[in-house]
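Here is a friendly guide to one protein structure. Please take a look at the sequence and the model, and then read on.

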Amino acid sequence: MRVVSVDDVAANRRRGGDIRTILSPATVGSTSGFMGTLRLAPAEVVTEHWHPYSEEYLFCVEGAITVRLDGRELPLPANHGVHIPIGVKHRLMNNGDTPAFLVFALGPLAPRPELGHVDTEALPGEGP
């Protein structure tokens, strides 16, 4: 058993924002899922992707974002959460003027880490 701080893990910016997977197989030996945090500055996005094996739970702690689920945009203000079922394409956007802070959890785990996400767009300013 181990307690892990958000400062103990490096930011992953591959899909945009500051994503930190805090509790995971790599950090605590979890076997059924993982959780972490996301910080999105104004105008930042997490590019569209989907999970073929996992459902995602996303809770907005501070700020507000827009979540696009299979093309449908929904507001996600502070103190609200959303469930993203397996296979649903999703994109996260901070269209506001203040930073947003969110907590996420996914489970079950994909058979291998590289199978966990399927990207459907590149980061803004990058090629396909």
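The notes below cover strands, a nonpolar core, salt bridges and one histidine.

This is a predicted model, in which local features need pLDDT of at least 70 and side-chain atom pairs count only at pLDDT 80 or more, while totals for chains, interfaces and linings use all residues. Residues are numbered from 1 along each chain as its sequence is written, and side-chain values use heavy atoms, with hydrogens and water left out.

**Strands and sheets**

- Helices (H or I, at least four residues) and strands (E, at least two) are DSSP runs, numbered from the N terminus. Two strands pair if DSSP finds at least two bridges between them.
- An open sheet is built from five strands in the order E6-E5-E8-E3-E10, with antiparallel pairing. Its edge strands are E6 (72–77) and E10, each of which pairs on one side only.
- E5 and E6 run antiparallel and are joined by six bridges. Here alanine 64 stands opposite proline 77 in E6.
- Strand E4 (residues 55–62) is joined by seven bridges to strand E9 (residues 100–107), and the two run antiparallel. Cysteine 60 has leucine 102 in E9 as its bridge partner.
- E4 also runs antiparallel to strand E7 (residues 80–84), with five bridges between them. For tyrosine 57, the bridge partner in E7 is histidine 83.
- In a regular strand, side chains alternate between the two faces of the sheet.

**The nonpolar core**

- A nonpolar core is a set of buried Ala, Val, Leu, Ile, Met, Phe, Trp, Tyr and Cys residues joined through side-chain atoms within 4.5 Å. Buried means under 20% relative accessible area, exposed means over 50%, and partly exposed is in between (1.4 Å probe, protein chains only).
- The largest nonpolar core has 19 residues, of which Leu58, Ile65, Leu76, Leu92 and Leu102 touch the most other members. At least two residues of this core come from each of strand E2 (34–40), E4, E5, E7 and E9, and E9 gives the most, with four residues.
- Leaving aside neighbours within four places in sequence, leucine 76 has contacts (heavy atoms within 4.5 Å) that include Leu58, Ile65, Val82 and Leu102.

**Salt bridges**

- Side chains of opposite charge can pair when their charged atoms come close. A salt bridge is a side-chain nitrogen of Lys or Arg within 4 Å of a carboxyl oxygen of Asp or Glu, and the structure holds eight of them.
- Aspartate 119 and arginine 15 form one of these (2.7 Å, N to O). Aspartate 119 lies in strand E10 (residues 118–119) and arginine 15 in the segment before strand E1 (18–23), so the pair ties together parts that are 104 residues apart in sequence.
- Aspartate 119 is partly exposed at 33% relative accessibility, whereas arginine 15 is buried at 10%.
- Glutamate 48 and arginine 68 also meet in a salt bridge (3.5 Å, N to O). Glutamate 48 is in strand E3 (residues 45–50) and arginine 68 in strand E5 (residues 64–69), 20 residues apart. Both residues are buried.

**A buried histidine**

- Where is histidine 51 found? Histidine 51 sits in the loop between E3 and E4, and is buried at 2% relative accessibility.
- Setting aside neighbours within four places in sequence, histidine 51 is in contact with residues including Glu56, His90, Leu106 and His117.
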